[in-house]
Amino acid sequence: LSVYDKNYDPSAELAILGRLSEKLHLMTITDLTQESLALHEMVASGGGQDPGEHIERMSMLLKKIKDFVQTQNPDMGPPMASRVLDSNGDSRPITIPDEFRCPISLELMKDPVIVSTGQTYERACIEKWIASGHHTCPTTQQKMSTSALTPNYVLRSLISQWCETNGMEPPKRSTQPNKPTPACSSSERANIDALLSKLCSPDTEEQRSAAAELRLLAKRNANNRICIAEAGAIPLLLSLLSSSDLRTQEHAVTALLNLSIHEDNKASIISSGAVPSIVHVLKNGSMEARENAAATLFSLSVIDEYKVTIGGMGAIPALVVLLGEGSQRGKKDAAAALFNLCIYQGNKGRAIRAGLVPLIMGLVTNPTGALMDEAMAILSILSSHPEGKAAIGAAEPVPVLVEMIGSGTPRNRENAAAVMLHLCSGEHHLVHLARAQECGIMVPLRELALNGTDRGKRKAVQLLERMSRFLVQQQEEQESQSQASAQVPPQATPEQVPENDIPEQLDSPASQYPMVV
């Protein structure tokens, strides 16, 4: 009860949580995970009814005990309130955002996957839940239409970016993912072998039809993806990426895209030297082939080390071109790939020098709102790079960012605040602060600080602090000027001011603000 009490003495909490942890036998990560699963089972047994206050209080208590146990035992993994070293080498606390923690284990997710209801969980936790005979979503209690799990690549990338930003080591996924066994029957394997023989045929028509069939087989299920790769299809498909027959090229790159969905195949594709050939298709193929080449690069780039490989082989300028001239789907695929690649700091400069910032600003100001979410996410990443900050600042972004903070979606509002915070920390911060004041940023910032996402609130509070210091400085300068004016002798008149004391040009924040010409 003392832990539930909002007015308890915080200094006594650790001792209380220590006794609770010991008496409830919640001392290890296994104990805590089993207890969390049991709590979800209690909710599930309610048939979708409101779990009630007692369940909510137990859940809150479990989170506190988990934080305590992980803080006392750092080797167990990152707690919800972790500590990292700052630039001075001092330890500082940092809270892991709720959306990055698995609802079951309450840990920072290593391999987030999406279930059929749209909720995201840590793969190992939801697999254990399903294996226990449950057919409902632990969070929503809705019946899951299928037990299939879809990797949440976007969230995984966001977690990696958050870890990088906060000086934490990104969580590592298991290096030995479970493989469906057996991959395929003997007859299915014989069919795949026959198709691979046709890929080697000198007959273009046979190559095209075989590549098209492999494309469909790889799309169908995970077992096929494993079997096709194990049969040796990847090098053969790569050889067709340089085919003069555009339709064959399109089928081949799409088959590789479908194969890359399986984690083990990503390594095989990269180790086969696929990136230059995929970039060739991205530059020279049909529009559908270019779209699928971009999607393939996105799929491969979810592995951090492959971000470096892909970025160093000329993919980024080609993706920027597709973002500018592709179909709507092509632009979306290009934006997704660029977002993933730019999580790696070394790729940010490449993207900026390829002209990404003007394209992104065009999307941000597009009245149709197409690709707004993707554009704001990319802008937020690029603004942390010195070249990106300069390029964004040169595009007069403050009015649109202030508007976004006030009326955008929750995610776009936090990204707009993040971009503004970077701009107001750079070389021309006074210019951007003055422009933000002119655009009326204080009201939407206060609202975001109260009602935004966790990250949005943090960015808004930091921006409000900078704006407040700026306004105080402005007021002090005005008072100083007023006092100086009051000390001028009464007999002084404009005609008596020496001509050489009159400046040729008056400086103002507005004149310093970068303008687009």
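User: What angle do the axes of helix 15 and helix 16 cross at?

Analyst: Roughly 145°, and the axes come within 8 Å. Helix 15 covers residues 315–325 and helix 16 covers residues 328–341.

User: Which residues make that contact?

Analyst: From helix 15 you have Ile316, Leu319, Val320, Leu322, Leu323 and Gly324. Helix 16 brings Gly330, Lys331, Ala334, Ala335, Ala337, Leu338 and Leu341.

User: And how does the contact of helix 15 with helix 16 split by class?

Analyst: There are 10 nonpolar residues, two polar and one charged.

User: OK, next pair. How do helix 21 and helix 24 cross?

Analyst: Their axes cross at roughly 40° and come within 8 Å. Angles under 35 degrees would count as roughly parallel, so helix 21 and helix 24 are oblique to each other. Helix 21 passes helix 24 in a left-handed crossing.

User: Which residues meet there?

Analyst: Val402, Ile405 and Gly406 in helix 21 meet Pro444, Leu445 and Leu448 in helix 24. By class, the contact of helix 21 with helix 24 has five nonpolar residues, one polar and no charged.

User: Switching topic: how many aromatic pairs does the structure hold?

Analyst: One. The partners are phenylalanine 100 and tryptophan 162, with ring centres 5.9 Å apart.

User: Why is the pair edge-to-face?

Analyst: Because the ring planes of phenylalanine 100 and tryptophan 162 are at 70°, and planes over 60 degrees apart count as edge-to-face.

User: Where do the two sit in the chain?

Analyst: Phenylalanine 100 is in the loop between strand 2 (91–95) and strand 3 (112–114), while tryptophan 162 is in helix 5 (residues 153–165). They are 62 residues apart, and the pair links distant parts of the chain.

User: Where is confidence lowest, and where highest?

Analyst: Lowest in helix 26 (residues 509–512), with a mean of 36. Helix 12 (residues 275–284) is highest, at 96.

User: Which stretches have pLDDT below 50?

Analyst: Residues 77–81 are one of them; beyond near neighbours in sequence, that stretch has 21 contacts in the model. Over residues 176–181 pLDDT also stays under 50, and the model has nine contacts for them beyond four places in sequence. Where pLDDT is low, the predicted coordinates should not be read in detail.

Key:
Residues are numbered from 1 along each chain as its sequence is written. This is a predicted model: local features need pLDDT of at least 70, side-chain atom pairs count only at pLDDT 80 or more; totals for chains, interfaces and linings use all residues. Side-chain values use heavy atoms; hydrogens and water are left out. Axes are lines fitted to C-alpha atoms, for helices over the stretch in contact, and angles run from 0 to 180 degrees between N-to-C directions. Helices (H or I, at least four residues) and strands (E, at least two) are DSSP runs, numbered from the N terminus. Angles under 35 degrees count as roughly parallel, over 145 as roughly antiparallel, 65 to 115 as roughly perpendicular and the rest as oblique. A crossing is left-handed if the near helix is turned anticlockwise from the far one by less than a right angle, and right-handed if clockwise. Contact means heavy atoms within 4.5 Å. Ala, Val, Leu, Ile, Met, Phe, Trp, Tyr, Cys and Pro count as nonpolar, Asp, Glu, Lys and Arg as charged, and the others, Gly among them, as polar. pLDDT is the predictor's confidence in each residue, from 0 to 100. Rings of Phe, Tyr and Trp (its six-membered ring) pair if their centres lie within 6.5 Å; planes under 30 degrees apart count as stacked, over 60 as edge-to-face and the rest as tilted.
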